[in-house]
Amino acid sequence: MNMPTKQIANDLFFASAEEFLREGRSVELRVKGFSMRPFVRNERDVVVLSPIEGVEVRKGMVVLFRHKGRHVLHRVRRVGADGGLVIEGDGNYRITERATTEDVVAWVSSVKLSGKGGFSYGSCRWRVRSVWSLMVKMLRTMAVDIKRKLIG
């Protein structure tokens, strides 16, 4: 059974979401935007955000973090010894964000796919979908680089 949804302003949603997460509760978020495609799809897939407290941020995790006054949902590409993070969207072309573990608000513990079930972090399906998404990113990046070199 599908639950009814309601759209609210981002600042109101994320203020409430952060409060729920601080209370130890999970929050569901319908994905908006294309920066994590094909891992998750715009306005179709739902991510389950879980509290980050007590969870070690690791390479490959998809996290919700604060960046330049916004909340962004992207994949951790590198974790530095000092807690510094390099984060980027699977669908972005050569764009990375820098953050710290303190900027991370939540982590994606599972994904609900529109009409196709879902998967949890660390599961075989998560790993396969992550590899697929990162392969598509690599091929897309190579294609754009080649096109830019040819066009000049």
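User: How many bridges join β3 to β4, and which way do the two strands run?
Analyst: 6 bridges join them, and they run antiparallel. β3 covers residues 62-67, and β4 covers residues 70-79. Strands are DSSP runs of E with at least two residues, helices are runs of H or I with at least four, and both are numbered from the N terminus. Two strands count as paired if DSSP finds at least two bridges between them.
Analyst: Some background first. This is a predicted model, where local features need pLDDT of at least 70 and side-chain atom pairs count only at pLDDT 80 or more, while totals for chains, interfaces and linings use all residues. Residues are numbered from 1 along each chain as its sequence is written, and side-chain values use heavy atoms, with hydrogens and water left out.

User: Which residue of β4 is the bridge partner of Phe65?
Analyst: Val72.

User: What happens at the turn of that hairpin?
Analyst: There are 2 residues between the strands, and Lys68 takes a positive phi near 50°. Lys68 is a residue other than glycine.

User: Is Lys68 buried or exposed?
Analyst: Lys68 counts as exposed because its relative accessibility is 77%. The cut-offs are under 20% relative accessible area for buried, over 50% for exposed, and partly exposed in between, using a 1.4 Å probe and protein chains only.

User: And how many residues of β3 are buried?
Analyst: 5 of its 6 residues, so by the under-20% cut-off the strand is mostly covered.

User: Which way do β3 and β7 pair?
Analyst: In the antiparallel sense, over 3 bridges. Val63 has Trp107 of β7 as its bridge partner. Leu64 stands opposite Ala106 in β7.

User: Tell me about β7. How many of its residues are buried?
Analyst: 8 of its 9 residues are buried. β7 spans residues 104-112. It also pairs with β2 in the antiparallel sense, over 6 bridges. There, Val46 has Lys112 as its bridge partner.

User: What about β7 and β8, how many bridges join those?
Analyst: 3 bridges, and the strands run antiparallel.

User: What is in the loop between β1 and β2?
Analyst: Pro38, for one. The peptide bond from Arg37 to Pro38 is cis, with omega near 0°. Glu43 lies in that loop as well. Glu43 is not a glycine, yet its phi is positive, about 60°. Glu43 counts as partly exposed because its relative accessibility is 47%.

User: Which residues of α2 are buried?
Analyst: Trp126, Arg129, Ser130, Ser133, Val136, Lys137, Thr141 and Asp145. What covers them includes β3, β4, β5, β7 and β8.

User: What does Asp145 touch, leaving aside neighbours within four places in sequence?
Analyst: Tyr93 and Arg94, where contact means heavy atoms within 4.5 Å. Asp145 and Tyr93 are 52 residues apart in sequence and 9.6 Å apart in space, C-alpha to C-alpha. Asp145 counts as buried because its relative accessibility is 17%.

User: Which residues lie nearest the centre of the second largest pocket?
Analyst: Lys59, Gly60, Arg75, Ser130 and Leu134, out of 13 lining residues. β4 and α2 are the elements that give two or more residues to the lining. α2 gives the most, with 5 residues. On a 1 Å grid over the protein atoms alone, a pocket is an open set of points with protein on both sides within 12 Å along at least five of seven lines, and lining residues have an atom within 4 Å of a point.

Methods:
1 Å grid on protein atoms, 1.4 Å probe; cavity = no way out; pocket = protein on both sides within 12 Å on 5 of 7 lines; lining within 4 Å.
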